[in-house]
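Today I am opening a new structure and keeping notes as I go. Join me and look up each item as we reach it.

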Amino acid sequence: MKTQLEKLQAGEIQSIKCNESEALAIISSDGTAEFGIEEMDLPDGTSLRYTNTGDTYSEALCSIDGGDWFLSCWGDCYESAEQSRYEETGEQCCCYCGEFAELEEHSAKNWHGWACQSCRENH
Ligand SMILES: [Zn+2]
């Protein structure tokens, strides 16, 4: 385990020791190092670790449930997990209340669309 960044080629990945915890560094094309590992729980129950590059859809190194690191972005990982949850449970994230709930179809006399079973908002 290294304790300091060495000069690396652009795009190289290096494991470093940072504040007693392991972190990975990714070297940008301009030679600067970006690192800092964030962790979040995904909607499908898995846990995501990713290099915080400051934007939802900017390239980041991602690892799910401690698996190998791969290049993606946390936004894509989150959306993929949302889709997995929907396929397994039929639940979707309500854009009104933020809860995961099944959306039920309205009867013909009601508004067209779907209602959230959590907050009852129409979609
Ligand atoms: Zn809702």
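**Notebook: a sheet and its helix**

I began with strand 4 and strand 5, which run antiparallel and are joined by five bridges. By the rule I used, two strands pair if DSSP finds at least two bridges between them. Strands (E, at least two residues) and helices (H or I, at least four) are DSSP runs, numbered from the N terminus.

Before going on, I noted that this is a predicted model, where local features need pLDDT of at least 70 and side-chain atom pairs count only at pLDDT 80 or more, while totals for chains, interfaces and linings use all residues. Residues are numbered from 1 along each chain as its sequence is written.

**Entry: the hairpin.** I found Ile37 standing opposite Thr51 in strand 5. Strand 4 and strand 5 form a hairpin with five residues between them. In that turn, I looked up Gly45, which has a positive phi of about 95°.

Entry: I then traced an open sheet of four strands in the order 4-5-6-7, with antiparallel pairing. Strand 4 (37-41) and strand 7 (70-72) are at its edges with a single partner strand each, so one side of each has no neighbour in the sheet. On average, neighbouring strands here are turned by 35° against each other, direction ignored. For such angles, axes are lines fitted to C-alpha atoms (for helices over the stretch in contact), and angles run from 0 to 180 degrees between N-to-C directions.

I also checked strand 6 (residues 60-64), which pairs with strand 7 in the antiparallel sense over three bridges. Cys62 stands opposite Phe70 in strand 7.

**Entry: the helix.** What does helix 1 touch in the sheet? I saw that helix 1 (residues 74-89) packs on the sheet and touches strand 5 (47-51), strand 6 and strand 7. Contact here is when the C-beta atoms of two residues, placed from the backbone, lie within 7 Å. The direction of helix 1 makes about 30° with that of strand 6. Just after helix 1, I noted Gly90 with a positive phi of about 80°.

**Entry: cover.** In the protein, buried residues make up 10% of the 123 residues.

**Entry: overview.** I ended with the secondary structure of the protein, which comes to one helix and 10 strands.

Key
A residue is buried if 20 or more other C-beta atoms lie within 10 Å of its own, exposed if 12 or fewer, and partly exposed in between; C-beta atoms are placed from the backbone.
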